[in-house]
Each structure stands twice: as C-alpha cells, then as structure tokens.
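User: I'd like to go through the ligand site in this one. Can you bring the structure up?

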Amino acid sequence: MDRLTELSKEISYALRHAPWEYELEMDEEGWVPIEQLLDALHRKNDWKSITQEDIQQMIDISEKKRHEIVGSRIRAFYGHSIPMKISKIQSKPPEILYHGTARRFMESIMKNGLSPQSRQYVHLSQDVETAQNVGKRHDDKPYILRIDSLRAWNDGISFYYGNEKVWLADTVPSIYIKEL
Ligand code: HQG
C-alpha cells in the first residue's frame, strides 16, 4: 500500500471510529482541530514528520472524497461508527440511489430493509458504478439494489448528503428496494 493510502486509512480510522485513541475533541458534525490530529500522528513512528500539506495532498489525490479540511479543522464525510451520532443535514435525494451489497445479506435486506449495521447511517451510492465498487468489498459478484429514494423521501424517510457519490439514510424500508 502506498504511503498516502496508509495515511488516508489511519485518518479515516481516527475520524470515523476512534477519535479518543488520538485524543481528538470532535464536535457534533465530526470536525476536529487539525492541530490535534497532527499532534497525535506525530507521536506515532510512521508519521513523525507529516504536515498539513501532506494531508491536503492525500485528500486531493484520493479517488474517493472521504475527508475535508476547512480552515483549521478536518472531518470525515461519512463512515462513522462512534457512539456520538454525527449530525448531517437532511437533503432531498435524487429520484434513484443504489446500494452494492453481498449475496449473503440479501435475504435479510429484502425482509428487514437496509439498516446501518456497525455504522451510524446506511450508505447509498449516487450511481451504479459506485455501488459496484462498494459491493465488491463484500462479495466478488456484488448485488446492486435500486432504491426508490425520492418516493421514500416523499413518504417521510430521511436522507442526508454525504459527498457527491455517497448519500446517507437512517434506515431504508424494503418496500423502496429492488434488485437491479
Ligand atoms: C449490509 C466505504 C443484513 C449492507 C464504502 C452492507 C461505502 C445488511 C453491510 C462506505 C442489512 C454493511 C460504507 C440488513 C445493510 N441485513 N445486512 N438488514 N442492512 N446490510 O461496510 O455500505 O472506502 O458498514 O448491505 O465505499 O458497504 O471506507 O457499509 O453490505 O461508501 O471510504 O451490511 O464505506 O467507503 O457494510 O460501505 P459497511 P457499506 P470507504
């Protein structure tokens, strides 16, 4: 794995799953002072001389938009599993969203709908290609689900913007889910 990918994984771990291991003070939108993150990384052998510019470069060259720096703060756009629920802004979703998953989850999903499992939100994809890539993390031949997101929104289901490829939801009942 190249160094910027390793950095991306370490920062995702810190910001999504274990801010306390890095002594980060996170606000309700997931922001932390970038100085705190740099201090924590500098205490680790691998990242002794890492700079804010290195982190910005990692963000800029990443294929997926996972993190953002604004002013003196950094946050992850999605993926959180920490107990404190990160608040996201509700937004009207596109008409259709997609979700890539594994065959072994299908029976439960079609019966119970999508639920966040170990994360805070269900993660949905803006397009089929993104959903394929998400699903491949779980299954060589992923199942792609088509989510009737606008109808669900009109029926009162909450959706939240993650980034231009990722949408979030608390749960998606199975009546809005079809196999593609
Ligand atoms: C499944 C990555 C059984 C769900 C990706 C999924 C994404 C159910 C798995 C982001 C279920 C959870 C998130 C139910 C959902 N019964 N299984 N009722 N409801 N599931 O990894 O969406 O590269 O927590 O289908 O690209 O795969 O890290 O979520 O298969 O954007 O930036 O439970 O993480 O981004 O798996 O992936 P995950 P995900 P990064």
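User: How do the residues of the shell around the ligand divide into nonpolar, polar and charged?

Analyst: This is a predicted model, and in it the shell around the ligand is made up of five nonpolar, eight polar and five charged residues.

User: Which residues come nearest to the ligand?

Analyst: There are 18 residues around the ligand, and those that come nearest are Lys64, His99, Thr101, Ser108 and His138.

User: How much of the ligand's accessible area does the protein cover?

Analyst: On its own the ligand has 800 Å² of accessible area, of which the protein covers 88%. As for its location, the ligand sits in the largest pocket.

User: Which element gives the largest share of the shell?

Analyst: That is α4, with three residues; α4 spans 103–112, and both α4 and β4 (97–101) supply at least two shell residues each.

User: Switching to domains, how is the chain divided?

Analyst: The assignment gives domain 1 (3–76) and domain 2 (97–179), and their centres, taken over C-alpha atoms, are separated by 27 Å.

User: Where does the shell draw its residues from, in terms of those domains?

Analyst: Both domains take part, since at least three residues of the shell around the ligand come from domain 1 and at least three from domain 2.

Key: Residues are numbered from 1 along each chain as its sequence is written. This is a predicted model: local features need pLDDT of at least 70, side-chain atom pairs count only at pLDDT 80 or more; totals for chains, interfaces and linings use all residues. Side-chain values use heavy atoms; hydrogens and water are left out. A residue is near a molecule or strand if one of its heavy atoms lies within 4 Å of it. Accessible areas come from the Shrake-Rupley method with a 1.4 Å probe; for residues, only the protein chains shown count as cover. On a 1 Å grid over the protein atoms alone, a cavity is a set of points where a 1.4 Å probe fits but cannot get out, and a pocket is an open set with protein on both sides within 12 Å along at least five of seven lines; lining residues have an atom within 4 Å of a point. A molecule sits in a cavity or pocket if more than half of its atoms lie within 2 Å of its grid points. Helices (H or I, at least four residues) and strands (E, at least two) are DSSP runs, numbered from the N terminus. Ala, Val, Leu, Ile, Met, Phe, Trp, Tyr, Cys and Pro count as nonpolar, Asp, Glu, Lys and Arg as charged, and the others, Gly among them, as polar. Domain bounds come from an automatic or database domain assignment.
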